[in-house]
Structure formats: C-alpha cells, structure tokens
Amino acid sequence: MSTDVKVPQVAAQKHSSNHKGIKLPIYMDNHATTPMDPRVLEEMLPYFMEKFGNAASRNHSFGWVAEEGVETARERIAKLIGATTKEVIFTSGATESDNLAIKGVAEMYREKGNHIITAVTEHKAVLDTCKRLEKYGYRVTYLPVQKDGLVDLDDLKRAIDDKTILVTIMAANNEIGVLQPIAEIGKLCHERGVIFHTDATQAIGKIPLDVSKQNVDLASISAHKMYGPKGVGALYVRRKSPRVQISAIIDGGGHERGMRSGTLNVPSIVGLGKACAIAQEEMPQESCRLAGLRNRLRERITSRLDEVYLNGSMDHRLPGNLNISFAYVEGESLLMGINDIAVSSGSACTSATLEPSYVLKALGTGDDLAHSSIRFGIGRFNTEAEVDYVADRVVETVERLRELSPLYEMAKEGINLKDVKWAGE
Amino acid sequence: MSYSDKVIDHYNNPRNVGSLDKASHDVGTGLVGAPECGDVMKLQIKVNRETSVIEDAKFKTFGCGSAIASSSLATEWVKGKTVDEALAIKNMDIVKELSLPPVKIHCSVLAEDAIRAAIGDWKKKQGSGKPVAVEAK
C-alpha cells in the first residue's frame with residue numbers, strides 16, 4: 001500500500017493525567033460506541049484511495065478489487081455467526097438492519113398474518129419500527145420481562161397465534177447487558193412456523209452467536225459496537241430451512257440481491273469484516289478479561305458503598321456490562337462529579353424526554369432507582385488501572401452526593417421514603 | 001449537555017449544605033419534589049423573630065447538577081433578606097443567574113417552591129399561618 005496516513009494508537013486523548021499513569025478522560029461507555037481498533041483502520045485505509053472502485057463494476061479491475069474486499073468481509077461475518085456468505089446483506093448500521101428485517105418481513109408475509117411479537121426492553125430501532133407498523137394495521141404484542149430482564153418463554157408461547165409472522169427479541173440489551181434465551185426462542189418460533197429476528201448489535205463479537213444452532217432467521221449487526229467504523233452494519237437473512245424472504249425498503253440498482261440497493265460502502269464493509277475476524281480470534285480471552293474487569297469494578301464499588309443495586313441478571317449478561325443504581329443519588333449529578341469518566345445514566349435528566357430509562361422501569365426498578373442508575377460499558381481498551389480509578393472516583397462522588405442528599409439523611413433517620421407524602425412536582 | 005461555570009461552581013462548592021433543627025420555633029423547613037421525579041430539595045431557614053430577617057439557611061438536594069446549583073444559590077440569596085424580600089425571589093432570577101437551559105427550568109421552579117415552602121412552614125409556626133413578625137404592607 002502506498003498511503004502514508006499514520007495509524008493512531010487507540011483513541012486520540014485530549015487530556016492527560018499522571019494518576020497511576022492512566023490517561024484522562026477514561027472512556028467506559030462501550031455500549032454507546034467503541035473506539036476503532038487500529039488493526040481495523042489499517043485494513044480499511046487502502047480502500048479509500050488506492051482501491052476505490054465500485055464493487056458493482058463488473059468490467060474492470062478497480063471493481064474486482066473492491067468486490068474482493070467486500071466478499072472477504074462477507075466471509076468473515078458469515079464465519080463469525082455460522083452463516084453462509086449469501087446470507088449476509090450490508091446496510092448502514094443496526095438501525096437500518098432492524099427496520100429492514102421487521103418491515104421487510106411484515107410486507108412480504110402480509111397475506112400470512114399481521115401479528116408481530118417483541119419485548120418492552122428492545123432498542124428503539126425495533127420498538128419504533130413496530131409502532132409504525134401498528135399504524136399500518138399490524139398487531140404488535142410487547143412482551144413484559146421478568147425482574148432479571150429476561151423474557152418468560154411461556155409468555156412468548158402464549159402470545160404466538162395463527163396470525164403471528166415475526167418474533168423480534170434482542171440477543172443482548174444495550175442498557176443492562178442482559179442476554180435473552182435466543183436458542184430457545186428460535187426453537188419455539190421454528191416449531192410454530194414463525195420467523196425469528198434478533199437485534200444482535202450488542203452481542204455479536206462479544207459472546208458466541210451461531211445462527212444455525214440458535215435457530216435465528218434474521219440478525220442485525222453493527223460495526224461500531226465491535227471496534228469497527230460507524231455507519232455500516234449487516235443483516236443476516238436465512239436462505240435455508242426455512243428460506244426467509246424480505247421486501248426491500250430501499251429500491252434502486254438491485255444491490256445485495258435486491259434486498260438493499262445502493263453502492264456498497266467498501267472501506268467500512270472491509271472494516272466490519274476485519275472487526276469480525278478480530279472478534280472471532282480474540283473472543284475467548286477477551287470476554288474472560290472483560291468479565292474479570294467488570295467483576296472487579298463491581299466488587300470495588302459494592303465493598304465500599306451500601307445500598308447499591310444491580311439492574312438485571314448477573315448470570316445472563318454481557319461480560320463488559322455493569323448497570324447499577326446508587327440509592328439517594330441522582331444519576332446526572334453523579335456523572336457531573338465523575339466528569340473525567342465517560343459512562344451513561346438511566347436518569348431522566350440525561351434523556352431528551354425527561355423520563356427515566358424504560359428498560360429499568362420494565363424490570364420493576366422504581367423510578368427513584370432508575371434515576372440513580374449508571375451504566376458502565378467496559379471494552380477492549382480499558383485497563384485494570386482504569387477500572388480501579390473509576391471505582392475510586394465513583395465511591396468518593398457517591399459519598400459526597402449522599403452527604404448532600406436529603407433522602408439519604410431521611411433514610412438514616414429511619415424514615416421510610418415510601419411512606420413520605422411527597423409534594424410532587 | 002454542558003453546564004455553565006456558575007452551575008459547576010455551585011456543584012463543586014455548594015454553599016450552606018446541611019440541616020437546621022426542624023423542631024426549632026425559629027426554623028422553617030421546605031421539602032419539595034419527589035424521588036420518582038428525580039428531584040428533592042430540602043431548604044431550611046432560621047428567621048429572627050424581631051426583624052424577620054433570615055439569619056441562616058441550609059439545604060440538601062437530591063437531583064441533577066442544576067438542581068443542586070439552584071438550591072445552593074437560593075440559600076445564598078435568602079440569607080440576610082427579610083422573609084418578604086425572600087418571597088420576591090423568582091425562579092427566572094435563578095435561571096438568569098445560572099444560565100440554565102430550558103430543560104432545566106424546572107430546577108429553578110423547585111428552588112422557588114422550596115423557599116416558599118420553608119417560609120410557609122416558619123409562618124405556620126409563628127401562629128395559625130399569620131405572618132406574625134412581618135410588617136403589614
């Protein structure tokens with residue numbers, strides 16, 4: 001390659017600190033997005049200038065070279081999820097993949113039925129797509145989840161009727177990292193002749209996922225959640241037993257076997273492929289390391305603070321996810337206190353709607369504790385020293401804010417906050 | 001969201017944090033908001049019975065940075081004012097001083113409510129809700 005763009009080492013950091021040699025700010029919000037792996041960028045770079053061809057150009061080497069890059073990526077994705085290359089469709093990301101899967105099935109199977117089943121804790125890309133279909137005459141069942149965040153298979157069994165065409169349940173939740181029983185759900189769907197889509201955005205590359213073994217018919221994939229570039233994703237579409245067909249949302253040149261027209265984003269697709277290859281190679285060690293860091297973070301926080309509550313199942317959870325509520329402390333004020341650390345909160349104050357996290361509410365977490373929740377997303381580039389620093393900062397900030405909290409004071413006086421008649425706002 | 005320097009200053013160095021004896025005759029306590037809404041403010045004032053001047057004020061707040069800053073500022077402002085002067089503080093004064101964005105205006109409303117609730121509690125203690133030590137105007 002002749003490009004001489006320098007590959008940066010991990011993410012560019014603006015600030016620096018001499019605290020135990022770690023760099024600030026610390027990024028620990030890897031469910032929102034991940035920094036790109038330098039190896040991914042390196043693989044992508046030639047496809048911007050040198051290998052710039054249109055993968056759909058059949059008559060010259062520029063096109064062939066680009067197509068070769070795309071097909072290598074397709075193979076790598078297929079290999080990671082146990083699919084064949086013809087079953088992988090490139091999209092602009094998981095939101096598009098979710099839309100394509102759900103609307104594509106809804107339109108294609110309209111004559112068979114109009115009923116779709118999903119769960120209340122799904123990502124908005126799924127929920128809002130389902131809501132739109134309701135406007136067009138589809139019937140949608142939103143399954144509740146149990147206290148641990150898992151869907152009850154009996155609820156699902158009961159919800160399926162002879163008009164059900166699609167079940168869409170995510171593999172791993174973006175807020176609480178809870179893993180749904182995908183294989184069991186898929187088996188149930190296949191027994192009843194219903195198509196099963198899973199939004200696997202947070203799961204792919206983090207935990208093993210095999211579309212054959214787990215009876216998945218459609219799976220949404222995103223690159224930027226697995227150390228790849230933003231703006232590219234894929235949809236797995238099963239071709240055999242059963243053969244799943246979807247109507248296109250975007251019409252045009254008939255790319256991606258008519259399911260998704262538009263010139264392929266070759267550099268990003270190459271990046272997605274590389275991200276999948278790295279994930280496949282390193283997943284066993286990486287998931288073990290991340291779970292270790294996550295458990296260390298939890299331990300170092302809960303051993304020093306009382307009234308800290310875990311949100312969602314610990315047993316069925318992504319290795320890098322920790323979502324906890326700090327009673328008597330409001331989430332946004334906590335984020336403000338740890339402003340050299342990037343994490344997320346389920347507090348209403350951090351959302352545009354002024355409503356606390358609907359995922360936490362679905363678990364039965366009270367609004368008060370939902371306001372007090374923090375999501376830590378530990379990723380590939382986080383270190384043990386960073387985890388220790390984060391734990392220290394969280395503990396000291398929670399302690400400071402509790403000293404400032406009238407609720408903490410009242411609780412310490414023995415007042416049951418549930419019995420207080422609040423003036424409301 | 002980025003915060004104004006004043007909000008950050010109040011958040012990092014909150015003024016008048018603490019509690020006064022809520023049983024004391026001279027102390028008025030206001031507790032407003034609700035945990036479910038993500039904001040609870042407790043604002044207390046200690047009033048001189050002779051002059052009706054607020055001699056001390058303390059607060060504790062469960063809420064976002066803007067809520068903490070609004071209540072911190074409220075205690076700063078009411079101190080040294082008479083009860084009537086304190087009642088003249090409007091939420092928009094707080095919005096202006098702290099440069100609160102529109103989504104945080106409710107924090108300032110809560111702070112105004114907290115001042116009113118504290119004064120109301122104090123007045124109640126002075127006898128059947130009538131403002132005993134406040135000069136009639």
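Q: How many bridges join strand β2 of chain B to β3(B), and do they run parallel or antiparallel?
A: In this predicted model, eight bridges join β2(B), residues 39–47, to β3(B), and the two strands run antiparallel.

Q: Which residue stands opposite B:Lys46?
A: B:Asp56, which belongs to β3(B), stands opposite B:Lys46.

Q: What lies between β2(B) and β3(B)?
A: Six residues lie between these strands, which form a hairpin. In the turn, B:Ser52 has a positive phi of about 55°.

Q: How many residues of β3 of chain B are buried?
A: Seven of the nine residues in β3(B), which spans 54–62, are buried, so the strand is mostly covered.

Q: Turning to chain A, which domains does the assignment give?
A: Domain 1 consists of 19–36 + 283–412, and domain 2 covers 42–277. Their C-alpha centres lie 29 Å apart.

Q: How many residues of domain 1 of chain A are in contact with domain 2 of chain A?
A: In chain A, 24 residues of domain 1 are in contact with 27 residues of domain 2. On the domain 1 side, α8 (266–302), β10 (321–326) and α10 (358–362) each supply at least two residues. That side divides into eight nonpolar, 13 polar and three charged residues.

Q: And how many residues of chain A are in contact with chain B?
A: There, 22 residues of chain A are in contact with 24 residues of chain B. The elements of chain A giving two or more residues to its side are α9 (331–337), α11 (367–371) and α13 (406–412).

Q: How do the residues on that side of chain A divide?
A: They comprise eleven nonpolar, five polar and six charged residues.

Methods. Residues are numbered from 1 along each chain as its sequence is written. Chains are lettered from A and ligands numbered from 1 in the order in which they are written. This is a predicted model: local features need pLDDT of at least 70, side-chain atom pairs count only at pLDDT 80 or more; totals for chains, interfaces and linings use all residues. Domain bounds come from an automatic or database domain assignment. Two residues are in contact if their C-beta atoms, placed from the backbone, lie within 7 Å. Helices (H or I, at least four residues) and strands (E, at least two) are DSSP runs, numbered from the N terminus. Ala, Val, Leu, Ile, Met, Phe, Trp, Tyr, Cys and Pro count as nonpolar, Asp, Glu, Lys and Arg as charged, and the others, Gly among them, as polar. A residue is buried if 20 or more other C-beta atoms lie within 10 Å of its own, exposed if 12 or fewer, and partly exposed in between; C-beta atoms are placed from the backbone. Two strands pair if DSSP finds at least two bridges between them.
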